[in-house]
Amino acid sequence: MSDTAKSSRRAQILDAAADLFARYGFHGVGIDDIGAAVGISGPALYRHFRSKDAMLAEMLTGISDKLLLGGRGRVGTADDPRAALDALVRWHVEFALTNSALITVHMRDLDSLAAADHRRVRESQRSYVEVWVDVLRKVRTDLDEPTARAASHAVLGLINSTPYSAHLGTEAMSDLLHSMALNALGTGA
(Lines give C-alpha, C1' and ligand atoms only; values in the text may rest on other atoms or scores of the structure.)
Protein backbone atom coordinates (compact mmCIF):
# COMPACT_ATOMS: atom_id res chain seq x y z
CA MET A 1 0.00 0.00 0.00
CA SER A 2 1.42 3.41 -0.97
CA ASP A 3 2.02 6.17 1.58
CA THR A 4 -0.84 8.15 -0.01
CA ALA A 5 -3.21 5.20 0.30
CA LYS A 6 -2.14 4.61 3.92
CA SER A 7 -2.70 8.28 4.72
CA SER A 8 -6.10 8.19 3.03
CA ARG A 9 -7.06 5.03 4.94
CA ARG A 10 -5.96 6.58 8.24
CA ALA A 11 -8.07 9.66 7.46
CA GLN A 12 -11.05 7.44 6.61
CA ILE A 13 -10.65 5.57 9.90
CA LEU A 14 -10.35 8.83 11.88
CA ASP A 15 -13.46 10.24 10.19
CA ALA A 16 -15.45 7.12 11.02
CA ALA A 17 -14.14 7.10 14.59
CA ALA A 18 -15.04 10.79 15.01
CA ASP A 19 -18.59 10.16 13.84
CA LEU A 20 -18.96 7.21 16.21
CA PHE A 21 -17.32 9.00 19.15
CA ALA A 22 -19.59 12.01 18.57
CA ARG A 23 -22.66 9.81 18.51
CA TYR A 24 -21.86 7.38 21.34
CA GLY A 25 -18.92 8.86 23.24
CA PHE A 26 -15.35 7.61 23.23
CA HIS A 27 -16.03 4.99 25.91
CA GLY A 28 -19.21 3.83 24.17
CA VAL A 29 -17.40 2.78 20.99
CA GLY A 30 -15.31 -0.33 20.57
CA ILE A 31 -12.55 -1.08 18.10
CA ASP A 32 -14.88 -3.52 16.32
CA ASP A 33 -17.44 -0.72 15.84
CA ILE A 34 -14.83 1.46 14.15
CA GLY A 35 -13.61 -1.41 11.99
CA ALA A 36 -17.17 -2.22 10.89
CA ALA A 37 -17.72 1.44 9.95
CA VAL A 38 -14.80 1.27 7.49
CA GLY A 39 -15.38 -2.28 6.28
CA ILE A 40 -12.58 -4.10 8.08
CA SER A 41 -12.25 -6.14 11.24
CA GLY A 42 -11.56 -4.29 14.47
CA PRO A 43 -8.15 -5.92 14.93
CA ALA A 44 -7.16 -4.84 11.40
CA LEU A 45 -7.23 -1.25 12.68
CA TYR A 46 -4.04 -2.01 14.61
CA ARG A 47 -2.18 -1.88 11.30
CA HIS A 48 -3.00 1.83 11.25
CA PHE A 49 -3.21 2.82 14.94
CA ARG A 50 -1.71 1.21 18.03
CA SER A 51 -4.96 1.71 20.00
CA LYS A 52 -8.31 3.46 20.17
CA ASP A 53 -6.63 5.96 22.52
CA ALA A 54 -4.07 6.71 19.79
CA MET A 55 -6.93 7.44 17.37
CA LEU A 56 -8.45 9.93 19.80
CA ALA A 57 -5.08 11.56 20.41
CA GLU A 58 -4.34 11.95 16.70
CA MET A 59 -7.87 13.23 16.10
CA LEU A 60 -7.78 15.92 18.79
CA THR A 61 -4.16 17.00 18.41
CA GLY A 62 -4.71 17.09 14.66
CA ILE A 63 -7.68 19.44 14.82
CA SER A 64 -5.96 21.70 17.32
CA ASP A 65 -2.86 21.93 15.13
CA LYS A 66 -4.99 22.45 11.99
CA LEU A 67 -6.85 25.35 13.60
CA LEU A 68 -3.63 26.98 14.79
CA LEU A 69 -1.84 26.66 11.46
CA GLY A 70 -4.91 27.76 9.52
CA GLY A 71 -5.43 30.75 11.79
CA ARG A 72 -1.82 31.85 11.56
CA GLY A 73 -1.86 31.41 7.80
CA ARG A 74 -4.95 33.54 7.34
CA VAL A 75 -3.61 36.30 9.57
CA GLY A 76 -0.29 36.21 7.74
CA THR A 77 -1.90 36.80 4.37
CA ALA A 78 -4.42 39.46 5.45
CA ASP A 79 -3.98 43.04 4.30
CA ASP A 80 -4.77 44.61 7.65
CA PRO A 81 -5.98 43.70 11.17
CA ARG A 82 -9.69 44.03 10.31
CA ALA A 83 -9.23 41.70 7.31
CA ALA A 84 -7.26 39.33 9.53
CA LEU A 85 -10.08 39.22 12.09
CA ASP A 86 -12.63 38.63 9.35
CA ALA A 87 -10.45 35.81 7.97
CA LEU A 88 -10.15 34.23 11.43
CA VAL A 89 -13.92 34.32 11.92
CA ARG A 90 -14.57 32.87 8.46
CA TRP A 91 -11.92 30.18 9.04
CA HIS A 92 -13.39 29.07 12.34
CA VAL A 93 -16.98 29.17 11.06
CA GLU A 94 -16.01 27.04 8.06
CA PHE A 95 -14.16 24.63 10.34
CA ALA A 96 -17.10 24.36 12.74
CA LEU A 97 -19.66 23.78 10.02
CA THR A 98 -17.61 21.06 8.34
CA ASN A 99 -16.27 19.33 11.47
CA SER A 100 -19.19 19.13 13.88
CA ALA A 101 -18.32 15.58 14.93
CA LEU A 102 -14.78 16.63 15.88
CA ILE A 103 -16.10 19.56 17.91
CA THR A 104 -18.48 17.24 19.76
CA VAL A 105 -15.70 14.71 20.44
CA HIS A 106 -13.39 17.47 21.65
CA MET A 107 -15.98 18.93 24.01
CA ARG A 108 -17.00 15.59 25.43
CA ASP A 109 -13.89 13.40 25.30
CA LEU A 110 -10.86 15.69 25.72
CA ASP A 111 -10.39 14.43 29.26
CA SER A 112 -10.07 10.86 27.93
CA LEU A 113 -6.68 11.74 26.44
CA ALA A 114 -3.45 10.70 28.10
CA ALA A 115 -1.86 13.55 30.07
CA ALA A 116 0.85 14.34 27.48
CA ASP A 117 -1.66 14.46 24.61
CA HIS A 118 -4.05 16.56 26.70
CA ARG A 119 -1.26 19.07 27.36
CA ARG A 120 -0.36 19.20 23.67
CA VAL A 121 -3.97 19.91 22.68
CA ARG A 122 -4.28 22.63 25.32
CA GLU A 123 -0.99 24.25 24.22
CA SER A 124 -2.19 24.42 20.61
CA GLN A 125 -5.53 25.79 21.74
CA ARG A 126 -3.90 28.48 23.87
CA SER A 127 -1.69 29.48 20.94
CA TYR A 128 -4.74 29.63 18.66
CA VAL A 129 -6.61 31.86 21.11
CA GLU A 130 -3.56 34.12 21.32
CA VAL A 131 -3.70 34.58 17.54
CA TRP A 132 -7.26 35.83 18.02
CA VAL A 133 -6.30 38.03 20.99
CA ASP A 134 -3.44 39.69 19.09
CA VAL A 135 -5.59 40.44 16.06
CA LEU A 136 -8.58 41.58 18.11
CA ARG A 137 -6.42 44.01 20.09
CA LYS A 138 -5.15 45.53 16.84
CA VAL A 139 -8.73 46.09 15.69
CA ARG A 140 -10.12 47.05 19.10
CA THR A 141 -7.34 49.13 20.63
CA ASP A 142 -9.63 49.91 23.57
CA LEU A 143 -9.46 46.31 24.82
CA ASP A 144 -6.95 45.14 27.38
CA GLU A 145 -5.48 41.67 27.01
CA PRO A 146 -7.74 39.86 29.54
CA THR A 147 -10.87 41.36 27.95
CA ALA A 148 -9.71 40.47 24.44
CA ARG A 149 -8.95 36.91 25.60
CA ALA A 150 -12.36 36.57 27.25
CA ALA A 151 -14.06 37.92 24.12
CA SER A 152 -12.10 35.53 21.91
CA HIS A 153 -13.06 32.55 24.05
CA ALA A 154 -16.70 33.63 24.05
CA VAL A 155 -16.82 33.96 20.27
CA LEU A 156 -15.10 30.61 19.75
CA GLY A 157 -17.70 29.09 22.08
CA LEU A 158 -20.48 30.70 20.07
CA ILE A 159 -19.11 29.31 16.82
CA ASN A 160 -18.36 25.90 18.34
CA SER A 161 -22.00 25.57 19.42
CA THR A 162 -22.94 24.71 15.83
CA PRO A 163 -23.16 20.93 16.39
CA TYR A 164 -26.03 21.75 18.73
CA SER A 165 -27.59 24.70 16.91
CA ALA A 166 -27.22 24.26 13.14
CA HIS A 167 -30.87 24.54 12.18
CA LEU A 168 -30.24 26.41 8.96
CA GLY A 169 -28.59 25.46 5.71
CA THR A 170 -24.82 25.69 5.64
CA GLU A 171 -24.62 29.03 3.82
CA ALA A 172 -27.27 30.70 5.99
CA MET A 173 -25.67 29.32 9.15
CA SER A 174 -22.26 30.53 8.00
CA ASP A 175 -23.58 34.04 7.34
CA LEU A 176 -25.38 34.13 10.68
CA LEU A 177 -22.34 32.94 12.67
CA HIS A 178 -20.03 35.34 10.84
CA SER A 179 -22.29 38.31 11.58
CA MET A 180 -22.91 37.29 15.18
CA ALA A 181 -19.19 36.73 15.86
CA LEU A 182 -18.14 40.12 14.49
CA ASN A 183 -20.94 41.86 16.37
CA ALA A 184 -20.05 40.04 19.59
CA LEU A 185 -16.46 41.23 19.19
CA GLY A 186 -17.71 44.80 18.73
CA THR A 187 -16.40 44.98 15.17
CA GLY A 188 -19.60 44.32 13.20
CA ALA A 189 -19.77 45.59 9.65
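## Helix packing and buried residues

In helix α4, the residues L85, D86, V89, R90, V93 and L97 meet T170, M173, S174, L177, H178, A181 and L182 of helix α9. The residues of this contact of α4 with α9 comprise eight nonpolar, three polar and two charged. The model described here is predicted.

Helix α4 covers residues 81-98 and helix α9 covers residues 170-184; the two pack at an angle of about 140°, and their axes are 10 Å apart. With angles over 145 degrees counting as roughly antiparallel, α4 and α9 are therefore oblique to each other. The crossing in which α4 passes α9 is right-handed.

The axes of helix α6 (residues 115-139) and helix α7 (residues 145-160) cross at roughly 120° and come within 9 Å. That angle makes α6 oblique to α7. Here, too, the crossing is described as right-handed, with α6 passing α7. On the α6 side, the contact involves Y128, V129, E130, W132, V133, L136 and R137, which meet E145, A148, R149, A151, S152, H153, V155, L156 and I159 in α7. Of the residues in the contact of α6 with α7, ten are nonpolar, two polar and four charged.

The two pairs are set out in the following table.

| Helix pair | Crossing angle | Axes |
|---|---|---|
| α4 (residues 81-98) and α9 (residues 170-184) | about 140° | 10 Å apart |
| α6 (residues 115-139) and α7 (residues 145-160) | roughly 120° | within 9 Å |

Two individual residues may now be considered. L60 lies in helix α3, which spans residues 52-77. Its relative accessibility is 0%, so L60 counts as buried. Apart from residues up to four places away in sequence, L60 touches L102, V105, H106, D109, L110, L113 and V121. The C-alpha atoms of L60 and D142 are separated by 34 Å, the two residues being 82 apart along the chain.

H106, one of the residues touched by L60, belongs to helix α5 (residues 100-109). H106 has a relative accessible area of 15% and is therefore buried, since buried means under 20%. Neighbours within four places in sequence aside, H106 is in contact with L60, I63, V121 and Q125.

An unreviewed UniProt entry lists residues 30-49 as "DNA-binding region".

Conventions
Residues numbered from 1 in each chain as written. Predicted model: local features only at pLDDT ≥ 70, side-chain atom pairs only at ≥ 80, totals over all residues. Heavy atoms only, no water. UniProt positions renumbered as here; feature names shortened; annotations may be inferred. Axes fitted to C-alpha atoms, helices over the stretch in contact; angles between N-to-C directions. Helix = DSSP H or I, 4+ residues; strand = E, 2+ residues; numbered from the N terminus. Parallel < 35°, antiparallel > 145°, perpendicular 65-115°, else oblique. Left-handed = near helix turned anticlockwise from the far one by under 90°. Contact = heavy atoms within 4.5 Å. Nonpolar A, V, L, I, M, F, W, Y, C, P; charged D, E, K, R; others polar. Buried < 20%, exposed > 50% of the residue type's maximum accessible area, 1.4 Å probe, protein only.
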